[in-house]
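Keep the structure open while you read.

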Amino acid sequence: MEEIKQALKQHKFTGDMDDSPETLDFYSHDASMFELRPTLVIAPKNAKDVEAAVRVVNERKKHQPELSLTARSAGTDMSGAAINTSIIVDFNKHLNKFIKQDEDIAVAQPGLLFRDFDKYTSDYMLASYPASRDLCSVGGMVNNNSGGERSLEFGKTEKYVPELKFVFADGVERVVKPLTREQLNKKMDQDDFEGKVYRDMFELVDKHYHQIKKAKPKVSKNSTGYNLWNVWDRDTGIFDLTQVIIGAQGTLGFVTEATFKLVPRRKHSGLLVLFMRDINKLGDLIPKILEHKPSTFEGFDDQTLWLSIRFMPSFFKMLGPIKFIKLLISLIPDGLQLLRGFPKLVMMVEFNGDSEEEVRNKIRALHKELSHVKARYEINGFEETPTEGASEKFWLMRRKSFQLLRSKVHDKHTAPFIDDFVVNPEYLPEFFPKLRRIIKKYKLFATIAGHMGDGNFHIIPLMKLEDKRDRAKILPAMKEVNTLVLKYKGSLSGEHNDGLVRGPWLEQMYGKEMVKLFRETKQIFDPQGIFNPRKKADADWDYSFSHIRDRY
Ligand SMILES: Cc1cc2nc3c(=O)[nH]c(=O)nc-3n(C[C@H](O)[C@H](O)[C@H](O)COP(=O)(O)OP(=O)(O)OC[C@H]3O[C@@H](n4cnc5c(N)ncnc54)[C@H](O)[C@@H]3O)c2cc1C
C-alpha cells in the first residue's frame, strides 16, 4: 500500500490515509453479517481528492486487478456493501458539510449524518429517512435508495434527489441531473468519457425500453437491481441518469454532493396503536387501514416488544434521565394493557394534519371502523414535542430494536439475510403463515418489524455465526423465504439494497436478460471494475458466503 499512498500524494491527495490494524479492523464491518478487511482507508477532504483516488486506481487497475474503491459514509449498510478487501473511501470524516438551503431545496455533502441534516432544515424535512435516522448519512440514503416510516406517504429517496455531483470512472466530477432530449443530444455528442456513458446508456434503455419498463417490480418500494426503468421516459422526453446512480451502492461511481427536495413538516400528528393477539386477521386489517390513507403504518412483533422491555435500561442511555422517566410513566397504561395478554403484533398507524382536530377526526374514523379490534389512540403535537410525547415509546421500540439486538445480545450476532423483503399487502394473509412456518422450521430466533402499509418486513435472526450448525441454516432458509417472496410477486429488498447478500439472487428475481442489462450498465459506467466489486449484479453467493463473519 505504500506505493498507492505515494501515488495518491503525487496526485495531490490532501485527505487522510490510514492502514493501521485498528483502523482496518474497524472498517472490516458494516451492519451486515459479513466481514471484508480492507488494505487502506482514505478520507478525502474535497472532490479533488476523490477524483485523485479514482485516477490512481484507474491507472493501476490493469496491473493490479485486486485494487478497487468502496465508498463508505456512516457504514450502517445491512447488505455488506460498505466493506471491501481493497481501499475504503470514507466520506463521513470530512465530506460532511451542509452547504445551503433555499426553501424546499437543500444541498449537502454525502457524509453528513441525517440527524444533523435534519437540524438544519427546520421547517422542511427529507421525508425518506430510514429507521437508522440517528446513525446514517444522507449519502448512504442516496446510494441505498433508502426509505422508512414516511415512505408510505412520500415514497423513497429516488423521488427527492433532483441533482447530484458525481465522480465518474475517469476520475472527473460532473453534475448529473434530468435532461431534455436536446440536452441529452448535446451530452451524447461529447467526445469524452461522459459522452460515451450517455450514448451507451441511452442506447441500452431505448433499445430495451419495454422489457425494462416491464421489469420494474410491482411493489410500492424496491431497492434491488439498478433503477433502469426510471431513466428514460419516451412520453416526457426526459432522460435522467440520477435514477440509476441512486441505489447503486457506489458500484457506478462516487457521489460528492447531493441536492435534496424537501417536504414541509406537518404541524400535527397522532398515532393509533393496535395490539393484535390474532395475527391471522392481518390480511383483512391492512387493506382496511390503508383505505384511510395514513401517513405511516408501522409494526413490530412480540419478540421486539419483549426485547424492548427486557433492555429498558438501555433507553436510559439513549434518552437521558428526564426523557427516560417520562417514558416509564407513559408506559404505565401499556403495562396494564399487557397484563391482559401479550400481543403478537403491535401496529402503529399515524395520521398527519394541519390541526389537532383534523388528526383526531382521522384517528377516530379509523378507530370506529376497527372497533372490534383492541385498539386505542393517542394524539401528540409533532411540532411541539418532536421527540417526546405519548407515542414516542412506540417509535423508540420500532426504530431501536435492531440497535438493541446488535448491542445487547452478546453471545449471538444479528444476521440480516431475510431482512427487507416486500410483499404486497393483499397477499399477506396467505404469505404470513407460510413465512412463520419457515422461521419455525429453521428454529430462527428472530424479531419482525416493518412497514406494514408497504408489506415491507425486516426479519433479523440472532445467530451464533461462528457455529457451523447456525451458518448451515442461512442458505436454505434464505432460499425458502426468497422463493416464497418471489412467488407472491414481491421484491427481495424494499430499502436495504442488494450488496453481498441479495446481489446473488437478482437473477432469480429479474431473470437472466434483465441481469444482463444490469451488468451492461455496470460495464458502461465502470469499464475497469474499480467501484465496489462483488456487490449487486456483480455478486456471487460462494464469495459472499465465504465472507460471513465468524467473530464479533
Ligand atoms: C438499525 C438500522 C436500521 C435501518 N433501517 C433502515 C430503514 O428503515 N431503511 C433503509 O433504507 N435502510 C435502513 N438501514 C440500512 C442503512 O442504515 C441505510 O440504508 C442508510 O441510509 C445507509 O446510510 P450510511 O450512511 O450508513 O451508508 P453506508 O453504509 O456508509 O453506505 C451504504 C451504501 O452506499 C454506498 N455509499 C456511501 N457513500 C457513498 C458515496 N458518497 N458515493 C457512492 N456510494 C456511496 C456504500 O458503498 C454502500 O454501498 C438500517 C440500518 C440499521 C443499522
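V167 stands opposite E173 in strand 9. In strand 12, V167 has another bridge partner, namely F254. Before going on, some ground rules: this is a predicted model, where local features need pLDDT of at least 70 and side-chain atom pairs count only at pLDDT 80 or more, while totals for chains, interfaces and linings use all residues. Residues are numbered from 1 along each chain as its sequence is written, and side-chain values use heavy atoms, with hydrogens and water left out. Helices (H or I, at least four residues) and strands (E, at least two) are DSSP runs, numbered from the N terminus.

Strand 8 and strand 9 make a hairpin with 5 residues between them, and G171 in the turn has a positive phi of about 80°. Two strands count as paired if DSSP finds at least two bridges between them. Here is how some of the pairs compare.

| Strands | Sense | Bridges |
|---|---|---|
| Strand 5 and strand 6 (residues 105-108) | antiparallel | 4 bridges |
| Strand 8 and strand 12 | antiparallel | 5 bridges |
| Strand 8 and strand 9 | antiparallel | 4 bridges |
| Strand 14 and strand 16 (residues 345-353) | antiparallel | 9 bridges |

What is the order of the open sheet of 5 strands? The order is 5-6-12-8-9, with antiparallel pairing. Strand 5 (98-102) and strand 9 (173-176) are the edge strands, each pairing on one side only. On average, neighbouring strands of this sheet are turned by 15° against each other, direction ignored. Helix 3 (residues 47-60) packs on the sheet and touches strand 8 (163-167), strand 9 and strand 12 (254-261). The direction of helix 3 makes about 140° with that of strand 12. Contact here means heavy atoms within 4.5 Å. Over in strand 6, I105 stands opposite D102.

Now for strand 14 (residues 268-276): 9 of its 9 residues are buried, so it is largely enclosed by the rest of the structure. Buried means under 20% relative accessible area, exposed over 50%, and partly exposed in between (1.4 Å probe, protein chains only). In a regular strand the side chains alternate between the two faces of the sheet. H268, G270, L272, L274 and M276 point one way from strand 14, S269, L271, V273 and F275 point the other way, and all are buried. L272 stands opposite V349 in strand 16.

On to the helices. Helix 7 (residues 181-189) and helix 8 (residues 193-207) pack at an angle of about 125°, with their axes 7 Å apart. Axes are lines fitted to C-alpha atoms, for helices over the stretch in contact, and angles run from 0 to 180 degrees between N-to-C directions. Helix 7 and helix 8 are therefore oblique to each other. Angles under 35 degrees count as roughly parallel, over 145 as roughly antiparallel, 65 to 115 as roughly perpendicular and the rest as oblique. R181, L184, K187 and M188 of helix 7 meet E194, G195, Y198, R199 and F202 of helix 8.

Helix 8 also packs with helix 22 (residues 512-525), at an angle of about 165° and with axes 9 Å apart. That makes helix 8 roughly antiparallel to helix 22. The contact is made by F193, V197, D200, M201 and L204 of helix 8 and L517, E520, T521, I524 and F525 of helix 22.
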